[in-house]
Amino acid sequence: MKVPNPRLLTFSFQTPKPLFFSSNPFSFPSLAFCPSVVGSSNNFSCCRFLRICNHYFYRRFCMGAGIEVTAPETMASFPPSVLVNDRIVLTDKENQIFDLLLQVSVHFNLNTELRVAGGWVRDKLLGKECYDIDIALENMMGKEFCDKVNEYLSASGEETKGVGLILSNPDQSKHLETARMRLFDVWIDFVNLRSEEYTNNSRIPTMEFGSAQQDAYRRDLTINSMFYNINTSSVEDLTGRGIPDLKSGKIMTPSAPKETFLDDPLRVLRAIRFGARFGFVLDEELKIAAMDDEVKTAIIGKISRERVGHEIDLMMSGNRPVDAMSYISELQLFWSVFSLPPDIEPPTPDGCERLCVAYMDASWRLLQLIGCSSITIVQMRLSLYAALLLPLRKTVYRDKKGKQLQVARYIFGTSLKLKSSDAETVISLHQAVEKFLSLIPLILSDKNLQILEVEWKKEIIDVPVMAKLRVLAGLLLREIKEFWRTALVLSILLYPTDLGLAGNTSRVVAELTNRRELFNGVENAIMELGLEKVWEVKPLVNGKDIMSILQLKSGGPVVKEWQQKLLEWQLAHPSGSSEECVDWMKQSQAKRPRME
């Protein structure tokens, strides 16, 4: 027989809607559609809102262009007002889960407090749904409690659940064993409350059972340090800073920032990521600690590069990637994160990191202006990496075997430990940029072209000039495939002049509008050439046919050469048939001098 639910449930009420939300941090709805702003009596008035926006854009562009901002007023002067619920309202499924956990506790007389920890509490207070439930146990291990849950389910005649065990792995920032089981179609993690003590040269702490307060103070940020006590149905802010910092939109650590960062330097990147994600302001003391040389050394020496890469990837895939990279640059952490190999050529100029962020900022803005609905999330993520590393596209280094490689390969493979395919895509985008730069003036030319030549494709079959333009554009699109629009965006940043070197805000804003029209012009021209998805077009003549025509017994360089020529012919003659293609090949072959 089941034990009745011992928990006092709070009454349900309407969750307030957030002020506004957009995946684009530079796109704001009209103030007329923000009733909580217009005509509101709160402190976040219209004038203040506009002042924040104007100052923010000015400061961002100045940072990107390498212009020093001398005004004493900074972003930290205007922390955002955040709407925070005064209590947590549970969904039906959350009620089911928590009721079951309490029934287990009472049934076995476990005498333990059950708490939900961290991000779930933060998100629920912000009125957001969250399915990442971490249960913190007061005096027992997670696996032990999961076994009790299954024992209770079995006694109740219900199906038991599988229990997964995630062992501690300090290199992956898992300092404690975590048990996981699926309840009511939701994965739940179970861990014990703990205290931590770090040694000087290690991210591996000494772990002990701790109180809820000790556990709260060892967490990364105040906004992530709160608990929801399932037994009492109440929020516990044991640092006294979680709710105030959430309401004021501030990113701060529960303990002294420098000590917190030296204990686990990964927390610096987490502070930046959450600050960017929520549009919150980094506390000034936290920023000073993040820029400390000792902390920078710890970031380089104590964190595995896999964890660095994971945090950066979360930032780049988030809703405000430019904000995150701006923070990294502002806190002088750029080269600690995107570390470079020794002896690169050419050397990076002073302020290169600001230029990197400026390109990414301009790319992000241009993408929003263009509104490319056809660009996927994956393409957006990699295009932002490519924009960030655009100033380094011609920078190379030599590996241990003396082979010359693009520095982007080192950054992805060594500095961030991300997939090699990501590096290949970014490098391909950079190469496509150079090719697009030579094609754009030809594509947009309103004159009758008499000569069409590009450096990257000297040899091409003999066809009329306009057909040659289609061949070159088609070859480029077949190389870069569905990434061609993102490559074009990057090219537009450099054509006809380098937008990353623009000098002031008004010039950049005006120029971005011009660049949007330039993008649309090139895109339309490519579409008129009939090159959309040209990479999916299958060859009219395959390798076996070529070998048969040439009477070859095996493939090789000759077959590869003819495959390229026939592809060029096919691009120049989009309505041509396979028979016409073969006839052209035979005629061309007959004109070639015979090899003795």
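Helices (H or I, at least four residues) and strands (E, at least two) are DSSP runs, numbered from the N terminus. By this definition the protein has 23 helices and 13 strands. The model is predicted, so local features need pLDDT of at least 70 and side-chain atom pairs count only at pLDDT 80 or more, while totals for chains, interfaces and linings use all residues. Residues are numbered from 1 along each chain as its sequence is written, and side-chain values use heavy atoms, with hydrogens and water left out.

Of the 596 residues in the protein, 50% are buried; buried means under 20% relative accessible area, exposed over 50%, and partly exposed in between (1.4 Å probe, protein chains only). A contact is defined by heavy atoms within 4.5 Å. Among contacts between residues at least 6 apart in sequence, 68% join residues at least 24 apart.

In soluble globular proteins, nonpolar side chains tend to be buried together. A nonpolar core is a set of buried Ala, Val, Leu, Ile, Met, Phe, Trp, Tyr and Cys residues joined through side-chain atoms within 4.5 Å. The largest such core has 164 residues, and Ile-135, Phe-190, Ile-312 and Met-325 have the most contacts inside it. Leaving aside residues up to four places away in sequence, Ile-135 touches Phe-98, Leu-101, Leu-114, Arg-115, Val-116, Ile-188, Asp-189, Phe-190, Val-191 and Ile-230. A second, separate core consists of six residues, including Ala-117, Ala-136, Leu-193 and Ala-212.

Two helix pairs were examined. Axes are lines fitted to C-alpha atoms, for helices over the stretch in contact, and angles run from 0 to 180 degrees between N-to-C directions. Angles under 35 degrees count as roughly parallel, over 145 as roughly antiparallel, 65 to 115 as roughly perpendicular and the rest as oblique. Helix α11 (residues 305-316) packs against helix α15 (residues 377-388) at an angle of about 110°, with the axes 10 Å apart; α11 and α15 are therefore roughly perpendicular to each other. Ile-312, Asp-313 and Met-316 of α11 meet Arg-381, Leu-384 and Tyr-385 of α15 in this contact. Four of the contact residues are nonpolar, none polar and two charged, where Ala, Val, Leu, Ile, Met, Phe, Trp, Tyr, Cys and Pro count as nonpolar, Asp, Glu, Lys and Arg as charged, and the others, Gly among them, as polar.

The axes of helix α14 (residues 352-370) and helix α19 (residues 484-494) come within 10 Å and cross at roughly 120°, and the two helices are therefore oblique to each other. Tyr-359, Ala-362, Ser-363, Leu-366, Leu-367 and Ile-370 represent α14 in the contact, and Val-489, Leu-490, Ile-492, Leu-493 and Leu-494 represent α19. By class, this contact has 10 nonpolar residues, one polar and no charged.

Most residues other than glycine have a negative phi, and most peptide bonds are trans. A cis peptide bond joins Glu-345 and Pro-346, with omega about -10°; Pro-346 lies in the loop between α13 (334-337) and α14. The bond from Tyr-495 to Pro-496 is also cis, with omega near 0°, and Pro-496 lies in the loop between α19 and α20 (505-528). Positive phi values occur at Asn-111, near 50°, and at Phe-184, near 55°. Asn-111 lies in the loop between α2 (92-107) and β1 (114-117) and is exposed, with a relative accessible area of 65%. Phe-184 lies in the loop between β4 (178-183) and β5 (186-192) and counts as partly exposed at 33% relative accessibility.
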